[in-house]
Number of protein chains: 2
Amino acid sequence: MSLTSLKQDRCESCPIRHRAVCSKCNADELLQLEKIKYYRSYEAGQTIIWRGDQMDIVASVVTGTATISQTMEDGRTQMLGILLPSDFIGRPGRETALYDIVAASDVTLCCFRRLPFEALVETTPHIGQRLLEMSLDELDAARDWMLLLGRKTAREKIASFLTLVVRRTTGAPVLPGAISGQSVDLPLTREAMANYLGLTLETVSRQFSKLKADGVISLEGSRRVKIPDFARLWSEAGNDAEAEMS
Amino acid sequence: MSLTSLKQDRCESCPIRHRAVCSKCNADELLQLEKIKYYRSYEAGQTIIWRGDQMDIVASVVTGTATISQTMEDGRTQMLGILLPSDFIGRPGRETALYDIVAASDVTLCCFRRLPFEALVETTPHIGQRLLEMSLDELDAARDWMLLLGRKTAREKIASFLTLVVRRTTGAPVLPGAISGQSVDLPLTREAMANYLGLTLETVSRQFSKLKADGVISLEGSRRVKIPDFARLWSEAGNDAEAEMS
DNA sequence: CGTGGTCTTGACACGATTCAAGCCCCGTGG
DNA sequence: CCACGGGGCTTGAATCGTGTCAAGACCACG
């Protein structure tokens, strides 16, 4: 439970200044936000928010990775999303959390008390606009994941996940050829991947072994994957061959 | 391909006036919208939008039911959502459609050309605010569905779907006791349910038979279901016993 | 009365889970 | 320095749930 609270740097130099909920704000609006913000850190493994908690704050992820997940009474859990720097936590107008948020690595958040933030959303359109954009992007991501969960095989799920990791770590849209031969670190354990993909950890492990045996990937230790041919991986993921690899 | 276009009634008397994207608008703002809107109808089964289509419009569903879905190259398809009256189609800033939209019944839409609509979103905050609320609601719905797709058994999926239908047709939050003994019509075919639930139509059919054999439901024809004990159905759906049946 | 669409049911196959054992790596303490 | 322990990971064998393929029932409609 060691969490630090610190009053903080100027927003100007913030690493997520240009992508977070504040990205459209001008200098004036930024000042408003600066007045009500504070940073807070969590250690890897800590639960940041429990389902059902009172939500008195909203926040942006500044550094680290967190997960959104939901757990059934009997322990089955489904991860609903991964939160990376600049992603937003909480929802204006919502009083209690619907999902668990857990720090997957050490995490620091830029927090705002909910009520003042809501007031700001009303008065400064740029925040609301950016929040809308981000929400719609998340909605698209959730829907893509629904196809994966509902219809893809275990092998396709793993391949899809790997393309996701590649796109996230290399950043933005990439040409298939350009990124073949690269290695990426997996940000999640086998168990966490299983929860993300709607599988068991044993199935995840087996599919990694099979993809390796088939030459689609090679493993450099259990948490680092080399992808000799990205286009091959892409097609293993069950994606349209011609689809833009957004 | 018989679709009608008609210039139309005043927004004042619109059946979705108080729930759609325009619900927060005042009289002035409504006038602005009225100037650029037009109605358009589709017959059951017609595809309203194909994935990849140019999206020159956005729209609200006025009457009828439509589905959002995504199909893989080999034909596997996953339904991503159901669109009911007042639900919104399209996204400001997006040029091409990511998903197929299909009329599940006869449907009429209230359409706006995208560019003028986007301009309006910028200038009239009430539209943007409402759009944000609606998007966040859809995001929550999508996430709940992810748990279903990733972790629930076929039986739980069917039971969950039935509770969804009950809640939608009886309207809003309901007390468990109050709605036991009611019958509801299923708005989808077995195949459409299968696509919604990530199952095959045979599995859907079998689970209906089993739930009937176990006394959880009874069938009045294949498209009408009677639920003698809603609390029982609710627990079959794998939901927390104490959770508010929102 | 025939036709096509929707739904049900059965037999079988297959993919994923479950249960179990054991490996590897790393940090801790004797 | 090495033994120990634990977490993360892999692998195997058996089981179970769902998909696949196929046949036939039901029903509305022409």
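The contact between the chains draws 30 residues from chain B and 30 residues from chain A, two residues being in contact if their C-beta atoms, placed from the backbone, lie within 7 Å. On the side of chain B that touches chain A, strand 6 (77-83) and helix 3 (125-151) of chain B are the elements that give two or more residues. Helices (H or I, at least four residues) and strands (E, at least two) are DSSP runs, numbered from the N terminus. Helix 3 of chain B gives the most to this side, with 18 residues. By class, the side of chain B that touches chain A holds 14 nonpolar, eight polar and eight charged residues; here Ala, Val, Leu, Ile, Met, Phe, Trp, Tyr, Cys and Pro count as nonpolar, Asp, Glu, Lys and Arg as charged, and the others, Gly among them, as polar.

The model is predicted, so local features need pLDDT of at least 70 and side-chain atom pairs count only at pLDDT 80 or more, while totals for chains, interfaces and linings use all residues. Residues are numbered from 1 along each chain as its sequence is written, and chains are lettered from A and ligands numbered from 1 in the order in which they are written. Chain A averages a pLDDT of 91, and 92% of the residues score at least 70, pLDDT being the predictor's confidence in each residue, from 0 to 100. Over residues 1-6 of chain A the pLDDT is below 50, and this stretch has eight contacts in the model beyond near neighbours in sequence.

A residue is near a strand if its C-beta atom, placed from the backbone, lies within 6 Å of it. Helix 6 (201-213) of chain A, together with helix 5 (190-197) and helix 6 (201-213) of chain B, are the elements that give two or more residues to this surface. Its largest share, six residues, comes from helix 6 of chain B. The surface near DNA strand C has four nonpolar, seven polar and six charged residues.

DNA strand D also has 17 residues around it, of which T189(A), S205(A), S209(A), T153(B) and T203(B) come nearest. Helix 5 and helix 6 of chain A and helix 6 of chain B each supply at least two residues of the surface near DNA strand D. Helix 6 of chain A gives the most, with six residues. By class, this surface divides into four nonpolar, seven polar and six charged residues.

Helices 5 and 6 can also be viewed as a pair. In chain A, helix 5 (residues 190-197) and helix 6 pack at an angle of about 100 degrees, with their axes 8 Å apart. Axes are lines fitted to C-alpha atoms, for helices over the stretch in contact, and angles run from 0 to 180 degrees between N-to-C directions. Helix 5 and helix 6 of chain A are therefore roughly perpendicular to each other (65 to 115 degrees). Their contact is made by R190(A), E191(A), M193(A), A194(A) and L197(A) of helix 5 and L201(A), V204(A) and S205(A) of helix 6. In chain B, helix 5 and helix 6 pack at an angle of about 100 degrees, with axes 8 Å apart.

Note on methods. Angles under 35 degrees count as roughly parallel, over 145 as roughly antiparallel, 65 to 115 as roughly perpendicular and the rest as oblique.
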